[in-house]
Amino acid sequence: MKLIRTENYTEMSLEAGKIIVDKIRTNPSLTLGLATGSSPKGVYDYLIQDHEENETTYKQVKSVNLDEYIGLSTEDPNSYHYFMNQTLFKHLDINDNQTHIPNGAASDLEQECLRYEQLIKELGGIDLQLLGIGQNGHIGFNEPGTPFTSTTHIVTLAQNTREANSRFFNSLEEVPTHAITMGIASILKSKEILLLVSGERKAEALYKFVNGEISEEFPASALKYHSNVTVIADRDALKYI
Ligand code: GLP
């Protein structure tokens, strides 16, 4: 595992952004694994700016997102579909039909999980997966206790995850109780992984990730089984390291 130490969120985003742009320029038909939340937002801003200034093209790039809430329509401002369109896709020249996010409004959710896992396979796997980490160590929406062998599946969100994400909703009650997420095994199949960790509220999780044991009780620890993980963290997140 490689650790890149940065001063702050902006520098973390810049480092990650540069790595991604470099990969796209080397392999213009890359399959990118994307994440939502506050952690990757700055990286997306960097990709948009680079696209505008340096004309990096996404015409052949494919993307697969980690997860989606169950029960929100794709137009719901709190859905990850909406987040991805607003914060990234609509600003790039990426083809709509080459961006993929689990459908949390599917009528047959079990079937949707199988479809999504098959889709990743058909795309030839993920070349570069961007990840954030939850305060409880979750990656995607894989909550503590998720088997490391899991593929795309339906999850019941942990109470502290719903509380953490309630900042995007009007109230805690509005935060969905379930989600679809790529599994730990799906994530570990990516050829390369970039984990972004920013802010003091993630300091304890990052400490556990770096120093703790590998355990299904701390989902991110599975990344230690992967041979190409780069952690990009800022000073506040590195408080205990
Ligand atoms: C969310 C997402 C994860 C994300 C994590 C951290 O619940 N499902 O994919 O990495 O929690 O979010 P943030 O980056 O906003 O702190």
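## A bridge between two strands

His-153 has Thr-181 as its bridge partner in β8. This model is predicted: local features need pLDDT of at least 70, side-chain atom pairs count only at pLDDT 80 or more, and totals for chains, interfaces and linings use all residues. Residues are numbered from 1 along each chain as its sequence is written, and side-chain values use heavy atoms, with hydrogens and water left out.

Strand β8 covers residues 178–181. Strands β7 and β8 pair in the antiparallel sense over 4 bridges. Pairing here requires that DSSP finds at least two bridges between two strands. Strands (E, at least two residues) and helices (H or I, at least four) are DSSP runs, numbered from the N terminus.

## The sheet

The sheet is open and has 3 strands, in the order β4-β8-β7. Its pairing is antiparallel. The edge strands are β4 (67–69) and β7 (153–156), and each pairs on one side only. From one strand to the next, the twist averages 25°. Strands of a sheet pair through backbone hydrogen bonds, either parallel or antiparallel.

β4 and β8 run antiparallel and are joined by 3 bridges. Glu-68 stands opposite Ile-180 in β8.

## A helix on the sheet

Helix α4 (residues 109–122) packs on the sheet. This helix touches β7 and β8; contact means heavy atoms within 4.5 Å. The direction of α4 makes about 125° with that of β7. Axes are lines fitted to C-alpha atoms, for helices over the stretch in contact, and angles run from 0 to 180 degrees between N-to-C directions.

## Two packed helices

Helix α2 (residues 41–54) packs with helix α3 (residues 80–87). The angle is about 40°, and the axes are 10 Å apart.

From α2, the contact uses Lys-41, Tyr-44 and Ile-48. From α3, it uses Phe-83, Met-84 and Thr-87. These residues divide into 4 nonpolar, 1 polar and 1 charged.

## The ligand

The ligand is surrounded by 14 residues, each with a heavy atom within 4 Å of it. The closest are Ser-38, Ser-39, Asp-67, Arg-167 and Lys-202.

Which side chains place an N or O atom 2.9 Å from an oxygen atom of the ligand? His-138 does. A polar contact is a pair of N or O atoms within 3.5 Å. On its own, the ligand has 390 Å² of accessible area, and the protein covers 97% of it. Accessible areas come from the Shrake-Rupley method with a 1.4 Å probe.

Conventions. A polar contact is a pair of N or O atoms within 3.5 Å; within protein, one must be able to donate a hydrogen and the other to accept it, and residues adjacent in sequence count only if both atoms are side-chain atoms. Ala, Val, Leu, Ile, Met, Phe, Trp, Tyr, Cys and Pro count as nonpolar, Asp, Glu, Lys and Arg as charged, and the others, Gly among them, as polar.
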